[in-house]
Amino acid sequence: MASDGARKQFWKRSNSKVPGSLLKAAPKAPTTPVKAKRISTFQEFESNTSDAWDAGEDDDGLLAMAAESLNTDVVMETANRVLRNHSQRQERHKLQEAPGPEQKPEPVAEPPLVPSGDLRLVKSVSESHTSCPAEELRKLSWSGIPKPVRPITWKLLSGYLPANVDRRPATLQRKQKEYFAFIEHYYDSRNDDVHQDTYRQIHIDIPRMSPEALILQPKVTEIFERILFIWAIRHPASGYVQGINDLVTPFFVVFMCEHIEEEDVDAADVSRVPADVLRNVEADTYWCMSKLLDGIQDNYTFAQPGIQMKVKMLEELVSRIDDQVHRHLDQHEVRYLQFAFRWMNNLLMREVPLRCTIRLWDTYQSEPDGFSHFHLYVCAAFLVRWRKEILEERDFQELLLFLQNLPTAHWGNEDISLLLAEAYRLKFAFADAPNHYKK
């Protein structure tokens with residue numbers, strides 16, 4: 001039958017490339033004559049067929065990759081490779097410090113200290129008649145946002161501002177008006193019996209925040225009290241919980257940068273900023289913080305189940321990526337909840353300087369579910385970052401004290417970039433394969 005002939009032609013090996021098959025080097029001709037062996041019918045059939053779905057050596061490569069030890073050299077090599085893919089910031093920085101003869105001068109119209117990816121970001125968010133697609137904006141923002149355009153970029157990434165440029169002024173005006181309507185309607189109730197405990201706790205927590213030079217200014221304290229109180233009574237499922245107060249600071253500082261000449265906003269005198277500007281900054285801070293909390297509100301509901309679950313997930317993840325560190329903590333009876341609860345509750349804000357938090361949030365807002373999902377991998381990378389110091393500690397008290405007071409005071413963008421790159425590598429390896437690396 002004609003169909004039988006077609007079937008034979010289908011199974012016959014063809015010299016043309018088959019999608020999915022691997023290219024293999026031609027076998028070397030034997031140096032001495034080898035007597036041909038008689039083969040069975042099945043062997044003959046097998047030698048003349050090619051399965052396009054046979055991954056063959058690919059499987060071996062994947063298995064070898066999975067079995068590869070995650071030592072420090074591998075971690076750093078992979079982290080730096082991810083960094084190169086996302087940004088050329090460090091390379092450009094070195095070229096600026098030691099300019100070579102082949103280095104081309106920067107165009108006068110563009111910021112000289114900003115890498116090419118950042119230049120596109122500046123252009124995308126600054127041009128008044130264009131709007132940057134959300135996916136492109138996230139990609140450009142992942143490896144850091146230039147300070148001049150960080151305020152508007154954060155508003156876009158958080159979903160507070162629309163992508164359509166023409167709609168932005170009206171949206172800002174409407175949301176700012178809506179926020180101050182909340183103030184007028186609710187804020188006087190802060191001394192009522194039903195709300196006074198919430199307001200009292202907010203009033204106690206704010207002076208404990210950092211940077212003190214900024215937070216302790218009366219105008220800033222009042223702004224933070226209003227933001228936190230309004231959010232608490234509009235979200236009764238959680239209300240106000242300690243830790244939420246820290247999440248106000250990065251937004252407030254970033255949005256204030258537009259209106260303060262000082263390089264270090266931490267020490268800026270807010271009283272010199274016009275009242276209408278402060279009102280706008282306060283409203284923008286409230287809405288962007290609300291957008292953030294919408295994605296992690298289960299961290300702050302009764303018994304904080306979101307944090308409990310994330311700490312458990314962190315423990316499982318660390319046991320898979322660095323079993324020695326995990327067993328060392330377990331051997332000395334250090335429980336993850338004792339140090340990682342604060343990492344989840346405050347999004348590492350108490351562990352790194354504010355400048356590092358702001359850089360960290362550039363990426364968090366660029367990642368899908370950055371503050372919830374990606375943060376888990378950042379915490380895992382952060383813990384393993386101190387592997388050497390952890391393994392050297394042999395005492396429960398000293399070990400816990402170290403984990404609660406990690407030496408990050410002098411950290412900068414480079415340290416955060418390496419941390420984020422390693423977190424990205426961990427996410428790529430483990431996020432979609434939760435069972436592949438279990439022992």
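A: What follows looks at helix 21, then at its setting.

This is a predicted model, where local features need pLDDT of at least 70, side-chain atom pairs count only at pLDDT 80 or more, and totals for chains, interfaces and linings use all residues. Residues are numbered from 1 along each chain as its sequence is written, and side-chain values use heavy atoms, with hydrogens and water left out.

Helix 21 spans residues 396-404. Helices are DSSP runs of H or I, at least four residues, numbered from the N terminus. Its buried residues are Leu399, Leu400, Phe402 and Leu403; buried means under 20% relative accessible area with a 1.4 Å probe. Seen down the axis of helix 21, these residues fall within an arc of 160°, so they line one face. The arc is taken over the directions from the helix axis to the C-beta atoms. An α-helix has 3.6 residues a turn, so residues three or four places apart point the same way.

What covers this face? The cover of the buried residues includes helix 16 (323-331), helix 17 (336-345), helix 19 (370-385) and helix 20 (387-392).

Asp395 caps the N-terminal end of helix 21. One of its side-chain oxygens lies 3.1 Å from the backbone nitrogen of Gln397.

Now the setting. The protein chain has 22 helices and zero strands. Of its 439 residues, 44% count as buried. Among contacts (heavy atoms within 4.5 Å) between residues at least 6 apart in sequence, 74% join residues at least 24 apart.

Note on methods
Buried means under 20% relative accessible area, exposed over 50%, partly exposed in between (1.4 Å probe, protein chains only). Helices (H or I, at least four residues) and strands (E, at least two) are DSSP runs, numbered from the N terminus. A polar contact is a pair of N or O atoms within 3.5 Å; within protein, one must be able to donate a hydrogen and the other to accept it, and residues adjacent in sequence count only if both atoms are side-chain atoms.
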